[in-house]
Amino acid sequence: MRMKKTMAARIFCLGAGVCMFVSALYLAGIIPLTLCAAVLVPAFPATVLALFFWWMAGQSGGDIPFIGY
Amino acid sequence: MTSRLSGTDMIAELVLATIFGLLLLGIHRKLIARIQRRPGPPVWQEILHMLKFSFKTTWVPLTASRTLFVGVVLIAIGIWTAAFYVLVSGGSLLVILGIYMLHKIVEHGFGLSSGSPYGKYGGVRSVISAASEIPLFVSVAVIAVYTHSLDLSSIMQYQQVYGPLLFTAFPAACAMFLVILSKMPFGPFSIVEAKELVSGYKTEHFGIWRAGLEVCNGLKSFVLLAVFLTVFIGQLTLPWLLTGMIILVVLLAFSCAVTPMMSPFDSVTIQMVVTGLMLVYAMAVLVVMHP
(Lines give C-alpha, C1' and ligand atoms only; values in the text may rest on other atoms or scores of the structure.)
Protein backbone atom coordinates (compact mmCIF):
# COMPACT_ATOMS: atom_id res chain seq x y z
CA MET A 1 0.00 0.00 0.00
CA ARG A 2 1.34 3.40 -0.93
CA MET A 3 0.16 6.81 0.00
CA LYS A 4 0.50 9.81 -2.30
CA LYS A 5 1.04 13.34 -1.10
CA THR A 6 -2.29 14.46 -2.57
CA MET A 7 -4.13 11.67 -0.74
CA ALA A 8 -2.49 12.65 2.58
CA ALA A 9 -3.42 16.28 1.93
CA ARG A 10 -7.04 15.32 1.23
CA ILE A 11 -7.28 13.29 4.43
CA PHE A 12 -5.74 16.15 6.41
CA CYS A 13 -8.09 18.72 4.89
CA LEU A 14 -11.10 16.47 5.47
CA GLY A 15 -10.09 15.79 9.10
CA ALA A 16 -9.32 19.43 9.85
CA GLY A 17 -12.58 20.45 8.18
CA VAL A 18 -14.58 17.99 10.27
CA CYS A 19 -12.85 19.22 13.46
CA MET A 20 -13.59 22.86 12.63
CA PHE A 21 -17.16 22.08 11.55
CA VAL A 22 -18.16 20.26 14.75
CA SER A 23 -16.41 22.94 16.81
CA ALA A 24 -18.47 25.58 15.01
CA LEU A 25 -21.67 23.58 15.61
CA TYR A 26 -20.78 23.37 19.31
CA LEU A 27 -20.03 27.09 19.42
CA ALA A 28 -23.42 27.79 17.86
CA GLY A 29 -25.04 25.64 20.53
CA ILE A 30 -26.41 23.20 17.96
CA ILE A 31 -24.63 20.14 19.35
CA PRO A 32 -23.56 19.34 22.94
CA LEU A 33 -19.92 19.05 24.05
CA THR A 34 -20.18 15.26 24.31
CA LEU A 35 -21.19 14.91 20.64
CA CYS A 36 -18.51 17.38 19.59
CA ALA A 37 -15.88 15.44 21.57
CA ALA A 38 -17.17 12.14 20.15
CA VAL A 39 -16.38 13.40 16.65
CA LEU A 40 -13.06 15.02 17.61
CA VAL A 41 -11.71 11.90 19.36
CA PRO A 42 -11.39 9.90 16.11
CA ALA A 43 -10.92 12.92 13.82
CA PHE A 44 -8.02 14.56 15.68
CA PRO A 45 -5.61 11.56 15.58
CA ALA A 46 -6.35 10.94 11.88
CA THR A 47 -5.78 14.63 11.12
CA VAL A 48 -2.46 14.69 12.99
CA LEU A 49 -1.09 11.59 11.23
CA ALA A 50 -2.36 12.83 7.84
CA LEU A 51 -0.58 16.15 8.44
CA PHE A 52 2.66 14.32 9.18
CA PHE A 53 2.25 12.15 6.07
CA TRP A 54 1.48 15.20 3.98
CA TRP A 55 4.58 17.20 4.83
CA MET A 56 7.01 14.32 4.61
CA ALA A 57 5.64 12.74 1.44
CA GLY A 58 7.27 13.23 -1.95
CA GLN A 59 5.55 15.16 -4.75
CA SER A 60 5.23 12.29 -7.20
CA GLY A 61 4.30 8.64 -7.08
CA GLY A 62 4.03 6.53 -4.00
CA ASP A 63 5.90 7.53 -0.92
CA ILE A 64 8.13 5.86 1.62
CA PRO A 65 5.39 4.68 4.01
CA PHE A 66 4.54 0.99 3.96
CA ILE A 67 7.64 -0.18 2.05
CA GLY A 68 8.52 -2.81 4.65
CA TYR A 69 12.06 -4.03 5.05
CA MET B 1 -11.06 24.20 32.94
CA THR B 2 -14.78 23.54 32.98
CA SER B 3 -15.78 26.81 31.36
CA ARG B 4 -17.60 26.49 28.06
CA LEU B 5 -15.11 26.32 25.25
CA SER B 6 -15.43 28.43 22.16
CA GLY B 7 -15.37 26.84 18.71
CA THR B 8 -11.75 27.64 17.98
CA ASP B 9 -10.75 26.80 21.54
CA MET B 10 -11.93 23.21 21.11
CA ILE B 11 -9.09 22.56 18.68
CA ALA B 12 -6.67 25.26 19.83
CA GLU B 13 -6.73 24.08 23.46
CA LEU B 14 -6.13 20.49 22.36
CA VAL B 15 -3.11 21.50 20.27
CA LEU B 16 -1.75 23.86 22.93
CA ALA B 17 -2.21 21.18 25.62
CA THR B 18 -0.19 18.77 23.48
CA ILE B 19 2.61 21.28 22.93
CA PHE B 20 2.67 22.34 26.59
CA GLY B 21 2.69 18.67 27.63
CA LEU B 22 5.73 18.09 25.42
CA LEU B 23 7.36 21.19 26.89
CA LEU B 24 6.75 19.78 30.38
CA LEU B 25 8.45 16.54 29.33
CA GLY B 26 11.37 18.63 28.07
CA ILE B 27 11.57 20.51 31.38
CA HIS B 28 11.43 17.14 33.17
CA ARG B 29 14.32 15.83 31.10
CA LYS B 30 16.38 19.00 31.48
CA LEU B 31 15.93 19.06 35.26
CA ILE B 32 16.96 15.41 35.61
CA ALA B 33 20.10 16.20 33.61
CA ARG B 34 20.97 19.29 35.68
CA ILE B 35 20.41 17.41 38.97
CA GLN B 36 22.76 14.72 37.68
CA ARG B 37 25.28 17.44 36.67
CA ARG B 38 24.84 16.90 32.95
CA PRO B 39 24.01 19.72 30.52
CA GLY B 40 20.96 17.91 29.16
CA PRO B 41 18.92 18.79 26.08
CA PRO B 42 17.06 22.10 25.68
CA VAL B 43 13.60 22.18 27.25
CA TRP B 44 11.90 22.20 23.84
CA GLN B 45 13.69 18.98 22.83
CA GLU B 46 10.52 16.85 23.00
CA ILE B 47 8.71 19.25 20.64
CA LEU B 48 11.67 19.01 18.27
CA HIS B 49 11.53 15.20 18.63
CA MET B 50 7.92 15.19 17.51
CA LEU B 51 8.71 17.36 14.49
CA LYS B 52 11.89 15.43 13.71
CA PHE B 53 10.15 12.06 13.71
CA SER B 54 7.37 13.40 11.51
CA PHE B 55 9.97 14.05 8.79
CA LYS B 56 11.73 10.69 9.17
CA THR B 57 11.47 7.66 6.95
CA THR B 58 8.40 5.67 7.91
CA TRP B 59 7.61 2.01 7.45
CA VAL B 60 5.61 -0.92 8.70
CA PRO B 61 7.81 -3.94 9.48
CA LEU B 62 7.05 -7.08 7.47
CA THR B 63 6.61 -8.98 10.74
CA ALA B 64 4.00 -6.52 11.99
CA SER B 65 0.24 -6.72 12.04
CA ARG B 66 -0.40 -3.72 9.79
CA THR B 67 -3.83 -2.88 11.11
CA LEU B 68 -2.79 -3.00 14.75
CA PHE B 69 0.58 -1.33 14.08
CA VAL B 70 -1.07 1.75 12.54
CA GLY B 71 -4.36 1.64 14.43
CA VAL B 72 -2.75 1.62 17.86
CA VAL B 73 -1.14 5.03 17.15
CA LEU B 74 -4.55 6.49 16.30
CA ILE B 75 -6.05 4.88 19.41
CA ALA B 76 -3.22 6.22 21.62
CA ILE B 77 -3.90 9.81 20.53
CA GLY B 78 -7.66 9.23 20.56
CA ILE B 79 -7.92 7.99 24.14
CA TRP B 80 -5.96 10.95 25.52
CA THR B 81 -8.02 13.34 23.38
CA ALA B 82 -11.05 11.80 25.06
CA ALA B 83 -9.39 12.17 28.48
CA PHE B 84 -8.68 15.84 27.73
CA TYR B 85 -12.35 16.52 26.96
CA VAL B 86 -13.49 14.60 30.05
CA LEU B 87 -11.17 16.89 32.02
CA VAL B 88 -12.33 20.17 30.46
CA SER B 89 -15.99 19.19 30.74
CA GLY B 90 -15.61 18.27 34.44
CA GLY B 91 -16.66 14.69 33.67
CA SER B 92 -16.24 11.54 35.69
CA LEU B 93 -12.93 10.67 37.30
CA LEU B 94 -13.84 7.02 36.64
CA VAL B 95 -13.64 7.60 32.88
CA ILE B 96 -10.16 9.09 33.26
CA LEU B 97 -9.23 6.15 35.50
CA GLY B 98 -10.46 3.83 32.72
CA ILE B 99 -8.31 5.69 30.20
CA TYR B 100 -5.26 5.28 32.50
CA MET B 101 -5.88 1.54 32.34
CA LEU B 102 -6.62 1.61 28.62
CA HIS B 103 -3.25 3.25 28.01
CA LYS B 104 -1.55 0.14 29.41
CA ILE B 105 -3.48 -1.99 26.92
CA VAL B 106 -2.47 0.42 24.15
CA GLU B 107 1.20 0.13 25.19
CA HIS B 108 0.76 -3.64 25.08
CA GLY B 109 -0.73 -3.29 21.61
CA PHE B 110 2.23 -1.19 20.50
CA GLY B 111 4.63 -3.91 21.62
CA LEU B 112 2.73 -6.87 20.19
CA SER B 113 1.85 -5.27 16.86
CA SER B 114 5.44 -4.96 15.63
CA GLY B 115 6.48 -8.60 15.95
CA SER B 116 9.78 -7.48 17.45
CA PRO B 117 10.95 -9.33 20.59
CA TYR B 118 11.94 -5.99 22.17
CA GLY B 119 8.49 -4.63 21.51
CA LYS B 120 6.86 -7.77 22.87
CA TYR B 121 8.88 -7.66 26.10
CA GLY B 122 8.04 -3.95 26.42
CA GLY B 123 4.37 -4.79 25.93
CA VAL B 124 4.51 -7.53 28.54
CA ARG B 125 6.15 -5.13 30.99
CA SER B 126 3.34 -2.66 30.34
CA VAL B 127 0.89 -5.26 31.55
CA ILE B 128 3.06 -6.00 34.60
CA SER B 129 3.35 -2.31 35.39
CA ALA B 130 -0.44 -2.03 35.45
CA ALA B 131 0.15 -2.81 39.15
CA SER B 132 1.06 0.87 39.41
CA GLU B 133 -2.59 1.72 38.74
CA ILE B 134 -3.86 -0.10 41.81
CA PRO B 135 -2.97 2.70 44.28
CA LEU B 136 -5.06 4.90 41.99
CA PHE B 137 -8.17 2.80 42.71
CA VAL B 138 -7.69 3.39 46.43
CA SER B 139 -7.03 7.12 45.88
CA VAL B 140 -10.27 7.38 43.92
CA ALA B 141 -12.14 5.48 46.63
CA VAL B 142 -10.86 7.90 49.31
CA ILE B 143 -11.88 10.88 47.15
CA ALA B 144 -15.35 9.36 46.76
CA VAL B 145 -15.63 8.91 50.55
CA TYR B 146 -14.81 12.60 51.10
CA THR B 147 -16.73 14.20 48.24
CA HIS B 148 -19.57 11.67 47.73
CA SER B 149 -18.99 12.04 44.00
CA LEU B 150 -16.52 11.11 41.31
CA ASP B 151 -17.40 13.95 38.94
CA LEU B 152 -14.51 16.37 38.58
CA SER B 153 -16.94 19.31 38.71
CA SER B 154 -18.36 18.06 42.04
CA ILE B 155 -14.86 17.45 43.42
CA MET B 156 -13.92 21.04 42.53
CA GLN B 157 -17.09 22.36 44.19
CA TYR B 158 -16.31 20.32 47.33
CA GLN B 159 -12.85 21.87 47.51
CA GLN B 160 -14.24 25.39 47.14
CA VAL B 161 -16.19 24.79 50.36
CA TYR B 162 -13.88 22.53 52.39
CA GLY B 163 -10.44 23.41 51.02
CA PRO B 164 -8.00 21.40 48.90
CA LEU B 165 -8.05 17.62 49.25
CA LEU B 166 -4.25 17.79 49.13
CA PHE B 167 -4.32 18.57 52.87
CA THR B 168 -7.34 16.52 53.97
CA ALA B 169 -6.42 13.43 51.93
CA PHE B 170 -2.64 13.80 51.73
CA PRO B 171 -1.86 10.03 51.54
CA ALA B 172 -4.25 9.72 48.58
CA ALA B 173 -2.40 12.59 46.88
CA CYS B 174 0.91 10.78 47.52
CA ALA B 175 -0.49 7.59 45.98
CA MET B 176 -1.67 9.47 42.90
CA PHE B 177 1.70 11.20 42.68
CA LEU B 178 3.23 7.72 42.60
CA VAL B 179 0.92 6.77 39.73
CA ILE B 180 2.07 9.83 37.77
CA LEU B 181 5.69 9.02 38.63
CA SER B 182 5.19 5.53 37.19
CA LYS B 183 4.07 7.09 33.90
CA MET B 184 6.91 9.60 33.58
CA PRO B 185 10.00 8.70 31.52
CA PHE B 186 13.34 8.01 33.27
CA GLY B 187 11.56 7.23 36.55
CA PRO B 188 12.12 4.39 39.02
CA PHE B 189 9.03 2.58 37.72
CA SER B 190 9.67 3.15 33.99
CA ILE B 191 10.32 -0.54 33.44
CA VAL B 192 8.63 -0.45 30.02
CA GLU B 193 11.40 1.83 28.74
CA ALA B 194 14.37 0.01 30.27
CA LYS B 195 17.51 0.19 28.13
CA GLU B 196 17.84 -3.59 27.89
CA LEU B 197 14.65 -3.48 25.78
CA VAL B 198 16.10 -0.80 23.41
CA SER B 199 13.03 1.48 23.34
CA GLY B 200 10.61 -1.10 24.75
CA TYR B 201 7.15 -1.22 23.25
CA LYS B 202 7.93 1.64 20.84
CA THR B 203 11.15 0.16 19.42
CA GLU B 204 9.70 -0.50 15.95
CA HIS B 205 7.37 2.50 15.81
CA PHE B 206 9.52 4.97 13.97
CA GLY B 207 9.00 8.05 11.79
CA ILE B 208 5.41 9.27 11.65
CA TRP B 209 4.22 6.56 14.05
CA ARG B 210 6.69 7.77 16.70
CA ALA B 211 5.70 11.39 16.02
CA GLY B 212 2.10 10.33 16.70
CA LEU B 213 3.25 8.65 19.89
CA GLU B 214 5.00 11.87 20.92
CA VAL B 215 1.70 13.74 20.41
CA CYS B 216 0.06 11.14 22.65
CA ASN B 217 2.80 11.55 25.29
CA GLY B 218 2.41 15.34 25.32
CA LEU B 219 -1.34 15.13 25.73
CA LYS B 220 -1.02 12.37 28.33
CA SER B 221 1.42 14.40 30.44
CA PHE B 222 -0.83 17.44 30.32
CA VAL B 223 -3.92 15.45 31.31
CA LEU B 224 -2.16 13.49 34.08
CA LEU B 225 -0.84 16.64 35.77
CA ALA B 226 -4.01 18.66 35.22
CA VAL B 227 -6.16 15.87 36.71
CA PHE B 228 -3.90 15.70 39.78
CA LEU B 229 -4.19 19.46 40.34
CA THR B 230 -7.94 19.44 39.71
CA VAL B 231 -8.57 16.57 42.11
CA PHE B 232 -6.28 17.69 44.93
CA ILE B 233 -6.14 21.49 44.61
CA GLY B 234 -9.43 22.35 42.91
CA GLN B 235 -10.37 24.77 40.17
CA LEU B 236 -7.42 26.91 39.07
CA THR B 237 -7.06 29.77 36.65
CA LEU B 238 -4.93 28.96 33.61
CA PRO B 239 -1.72 30.68 34.87
CA TRP B 240 -1.98 28.87 38.22
CA LEU B 241 -2.76 25.58 36.49
CA LEU B 242 0.34 25.88 34.29
CA THR B 243 2.46 26.98 37.28
CA GLY B 244 1.16 24.04 39.32
CA MET B 245 2.02 21.65 36.51
CA ILE B 246 5.57 23.00 36.32
CA ILE B 247 5.96 22.61 40.12
CA LEU B 248 4.72 19.02 39.85
CA VAL B 249 7.20 18.35 37.05
CA VAL B 250 10.02 19.71 39.23
CA LEU B 251 9.01 17.32 42.04
CA LEU B 252 8.76 14.42 39.59
CA ALA B 253 12.15 15.29 38.06
CA PHE B 254 13.81 15.23 41.50
CA SER B 255 12.18 11.86 42.23
CA CYS B 256 13.36 10.46 38.89
CA ALA B 257 16.87 11.94 39.08
CA VAL B 258 17.79 10.54 42.48
CA THR B 259 16.28 7.05 42.17
CA PRO B 260 17.57 4.27 39.91
CA MET B 261 15.24 2.33 37.66
CA MET B 262 13.97 -0.69 39.54
CA SER B 263 13.71 -4.24 38.31
CA PRO B 264 10.19 -5.26 37.24
CA PHE B 265 9.84 -7.41 40.38
CA ASP B 266 10.87 -4.61 42.75
CA SER B 267 8.69 -2.11 40.93
CA VAL B 268 5.57 -4.26 41.28
CA THR B 269 6.42 -5.15 44.89
CA ILE B 270 6.69 -1.49 45.91
CA GLN B 271 3.44 -0.65 44.12
CA MET B 272 1.68 -3.48 45.96
CA VAL B 273 3.10 -2.36 49.32
CA VAL B 274 1.83 1.17 48.62
CA THR B 275 -1.54 -0.29 47.69
CA GLY B 276 -1.64 -2.18 51.00
CA LEU B 277 -0.85 0.98 52.96
CA MET B 278 -3.45 2.91 50.99
CA LEU B 279 -6.06 0.25 51.72
CA VAL B 280 -5.40 0.63 55.45
CA TYR B 281 -5.68 4.42 55.08
CA ALA B 282 -8.91 4.10 53.05
CA MET B 283 -10.43 1.85 55.71
CA ALA B 284 -9.45 4.35 58.41
CA VAL B 285 -11.01 7.22 56.43
CA LEU B 286 -14.16 5.19 55.88
CA VAL B 287 -14.45 4.42 59.62
CA VAL B 288 -13.87 8.07 60.60
CA MET B 289 -16.19 9.58 57.96
CA HIS B 290 -18.96 6.97 58.34
CA PRO B 291 -18.70 5.56 61.89
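**Reading chain A and its interface with chain B**

Colleague: Before I look at details, how many helices and strands are there in chain A?

Modeller: Keep in mind that this is a predicted model; in it, chain A has two helices and zero strands.

Colleague: What share of the residues in chain A is buried?

Modeller: A residue is called buried when its relative accessible area is under 20%, and in chain A 45% of the 69 residues are buried. The chain still exposes about 3,700 Å², with 74% of that area supplied by carbon and sulfur atoms.

Colleague: And what share of the contacts in chain A joins residues 24 or more positions apart?

Modeller: Contact here means heavy atoms within 4.5 Å; counting the contacts in chain A with a separation of 6 or more, 62% come from residues 24 or more positions apart.

Colleague: Turning to the interface, how many residues of chain B are in contact with chain A, and how much area is buried between them?

Modeller: On the side of chain B there are 35 residues, which are in contact with 27 residues of chain A. The area buried between the two chains is about 2,700 Å², and carbon and sulfur atoms give 79% of it.

Colleague: Which helices of chain B each supply at least two residues to the side that touches chain A?

Modeller: They are H1 (7-35), H2 (45-54), H3 (66-88) and H10 (208-232) of chain B, and H3(B) gives the most, with nine residues. The residues on this side of chain B divide into 22 nonpolar, nine polar and four charged.

Colleague: How many salt bridges are counted between chain B and chain A?

Modeller: The count is zero salt bridges, and the rule likewise finds zero residue pairs in polar contact across this interface, where both residues must be at pLDDT 80 or more.

Note on methods:
Residues numbered from 1 in each chain as written. Chains lettered and ligands numbered in written order. Predicted model: local features only at pLDDT ≥ 70, side-chain atom pairs only at ≥ 80, totals over all residues. Heavy atoms only, no water. Helix = DSSP H or I, 4+ residues; strand = E, 2+ residues; numbered from the N terminus. Buried < 20%, exposed > 50% of the residue type's maximum accessible area, 1.4 Å probe, protein only. Areas by Shrake-Rupley, 256 points an atom, 1.4 Å probe, with all protein chains shown as cover. Buried area = accessible area lost by both parts, 1.4 Å probe. Salt bridge = Lys/Arg side-chain N within 4 Å of Asp/Glu carboxyl O. Polar contact = N/O pair within 3.5 Å; in protein donor to acceptor, adjacent residues only side chain to side chain. Nonpolar A, V, L, I, M, F, W, Y, C, P; charged D, E, K, R; others polar.
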